[in-house]
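Subject: Structure for your reading

Dear colleague,

Please find below the structure that I am handing over to you. I would be grateful if you kept it open while reading the notes that come after it.

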Amino acid sequence: MSTAGSALAVVGPGLDLQSSFTSAMEGFGLSQGTAHLLWLPLPMLLVLVAAVIGVLVNVWLERKISAAVQQRIGPEYAGALGVLQPMADGLKLLFKEDVIPRRADGLLFTLGPVLVLVPVILSWLVVPFGQNLLISDVGIGVFLWIALSSIQPIGLLMSGYASNNKYSLLGGLRAAAQSISYEIPLALAVLAVVMMSNSLSTVDIVNQQSGAGILSWNIWRQPVGFLIFWICALAECERLPFDLPEAEEELVAGYQTEYAGMKFALFYLGSYINLVLSALLVAVLYLGGWGFPIPVEWLAGAIGQSVDAPLVQLITGSLGIVMTVLKAYLLVFIAILLRWTLPRVRIDQLLDLGWKFLLPIALVNLLVTAGLKLAFPAFFGG
Amino acid sequence: MTIASVTQLICFVVLSLTLVVGSLGVVLLPNIVYSAFLLAGVFLSVAGLYLMLNASFVAAAQVLVYVGAVNVLILFAIMLVNKKEEMAEIPGLLLRRVLSGAVCLGLFLLILRVDLTTPWAVPGPAPLADDSALLIGIHLFSDYLLPFELASVLLLMAMIGAIVLARRDVFSSDVITGEAADQGLLEKERTPLLLESTAGETTLLEKV
């Protein structure tokens, strides 16, 4: 915790919107409890809206980038450059008939997509956009995300089973197998970062990388871990080249085959929210989170301002949000490019890669990190 | 009562209800797939109760291990081998049910008695909050080192056993009897899981 403490002293307390909001509400004559109650839903709603808007942007990017890869124009007529196309997609799904197949299991069929979406949204709890700009700095931080993401395969198995369709069942089973296989190297890659930060909290992990701007980001100290994490995150999101659970040529659409309307939209939302979430977590774990490539303290010092001045705090706070989102969308861009350039792997190749390659490499990475941490505590977190 | 304590009470009641009703469902429901899914709900509500006891690390570990690994594997196994077959009529089924119900009730009464007679310390020890992961680690590598290592050896044994059982075709002779492995046992005809069965469906499960 010592590194986090010293880093905190450098960064300063940052914006604390909660205390400002509650004190403003108390200024209006409300009691402290009521002010707190009014505050509680605000960050949750904000993050929920941010997640959904993130998906809309993502869908638009996917359409535009795939078009560019294939030398097409892509959506053009809905709004400038087709920016309203995702809205049109969403509205279309909203108005579609909600079909439940006659011999399907209605209850499980409805519950499946919900179980896929809810853990993904819950995981946004720990994504920090600034020192105090996250819903809750829970102590178990990134471990919460790993635990929650392990609920998802149950929803996939559920919808695969309930559809009463062989393609759906195969897709559900494949999704569960894939998810279990890639969770282990993913967790080991995270563990190496956690070992260097001495904390599971996402805020502490970012603070530990904030010493010297871009040079202190974890990607330089954990290049192997970064690659393992990114591959596993793509596999967990079921993105190409790992989209076997919904491989069109083999399984029609996997566990989504029987779904239509809003239930399908829940899967769609879930997968895109998960992609943005994974990109955000890569940014947090390996790319310095909300940190600017040059430390803002140096910049503020260069123009002779204190980091604690209100205006400087406002600017650094906004810069932090912009940097987090920018890094995340850079990774999303890479993910989309990968999707439209790489072929799909086979199921045996997928499982071989997970168990026989990534898992041993992740273990070695963990061991090497532990050794380096003991040998050079100054660079690898004492 | 403050907002926090009311929320806590509501959460406790809801979690306990899901826990009790869910566990009863796991035991009593005839459909094994429903039981397995309800088991996930039971594990999740146990994790919720841990969370209410300020044991957030244990709660997350509960979700990761029990819901994410154990329950998914149970579901996996059920969906791969589930057979839609009628159970043979067992004579005296009602008597068996009454007897097992009586045994369960007796156990419940015993536990209830222990619960009522034990002088519980109220309030309990102070929560460790975020240090719990650290302390669990320290204990695992000091005074609980032997149980920890024994558990890992046990898991290794279970894993090797599972591999030996599953790959009998590779070990060309039966491990126990020393005779050639009975391929007929391995290639059992499997009945499909889905309701409507068509001719081509035996290849279905092999594709996974």
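Confidence in chain B

The mean pLDDT of chain B is 79, and 76% of its residues reach 70 or more. Within this chain, helix H4 (residues 93-117) of chain B has the highest confidence, at a mean of 91, whereas helix H7 (residues 183-186) of chain B has the lowest, at 50. Two stretches call for care. Over residues 184-188 of chain B, pLDDT stays under 50, and the model has 2 contacts beyond four places in sequence for them. Residues 197-208 of chain B also stay under 50, with 12 such contacts in the model. Where pLDDT is low, the predicted coordinates should not be read in detail.

The build of chain B

Chain B contains 7 helices and 0 strands, so that its pattern along the sequence reads α-α-α-α-α-α-α. It has 208 residues, of which 13% count as buried. If one takes the contacts in chain B between residues at least 6 apart in sequence, 41% of them join residues at least 24 apart.

Where the two chains meet

How many residues of chain B are in contact with chain A? There are 28, and they are in contact with 28 residues of chain A. On the side of chain B that touches chain A, helix H2 (32-52) and helix H3 (56-81) of chain B each supply at least two residues. H3(B) gives the most, with 13 residues. By residue type, this side of chain B divides into 21 nonpolar, 4 polar and 3 charged residues.

Helix H4 of chain A

Please note that this helix belongs to chain A. Helix H4 (residues 41-69) of chain A has 29 residues, which at 1.5 Å a residue should span 42 Å; its end C-alpha atoms are 41 Å apart, so the two values agree. The buried residues of H4(A) are Ala51(A), Gly54(A), Val55(A), Asn58(A), Trp60(A) and Lys64(A). These buried residues pack against helix H5 (85-95), helix H6 (106-122), H14 and helix H16 (310-341) of chain A. Just after H4(A), Gln71(A) takes a positive phi of about 55°.

Two residues of chain A

Ala260(A) lies in the loop between helix H13 (248-251) and helix H14 (261-286) of chain A. Why does Ala260(A) count as partly exposed? It has 15 other C-beta atoms within 10 Å, and a residue would need 20 or more to be buried, or 12 or fewer to be exposed. Ala260(A) touches Lys96(A), Glu97(A), Asp98(A) and Val99(A), leaving aside residues up to four places away in sequence. From Ala260(A) to Lys92(A) there are 168 residues in sequence, and their C-alpha atoms are 11 Å apart in space.

Val312(A) is placed in helix H16 of chain A. Because Val312(A) has 18 C-beta neighbours inside 10 Å, it too counts as partly exposed. Again leaving aside residues up to four places away in sequence, Val312(A) touches Ala300(A), Gln305(A), Ser306(A) and Val307(A). Val312(A) and Lys166(A) are 146 residues apart in sequence, and their C-alpha atoms are 59 Å apart in space.

With kind regards

Terms used:
Residues numbered from 1 in each chain as written. Chains lettered and ligands numbered in written order. Predicted model: local features only at pLDDT ≥ 70, side-chain atom pairs only at ≥ 80, totals over all residues. Contact = placed C-beta atoms within 7 Å. Helix = DSSP H or I, 4+ residues; strand = E, 2+ residues; numbered from the N terminus. Nonpolar A, V, L, I, M, F, W, Y, C, P; charged D, E, K, R; others polar. pLDDT = per-residue confidence, 0-100. Expected span 1.5 Å × (residues − 1).
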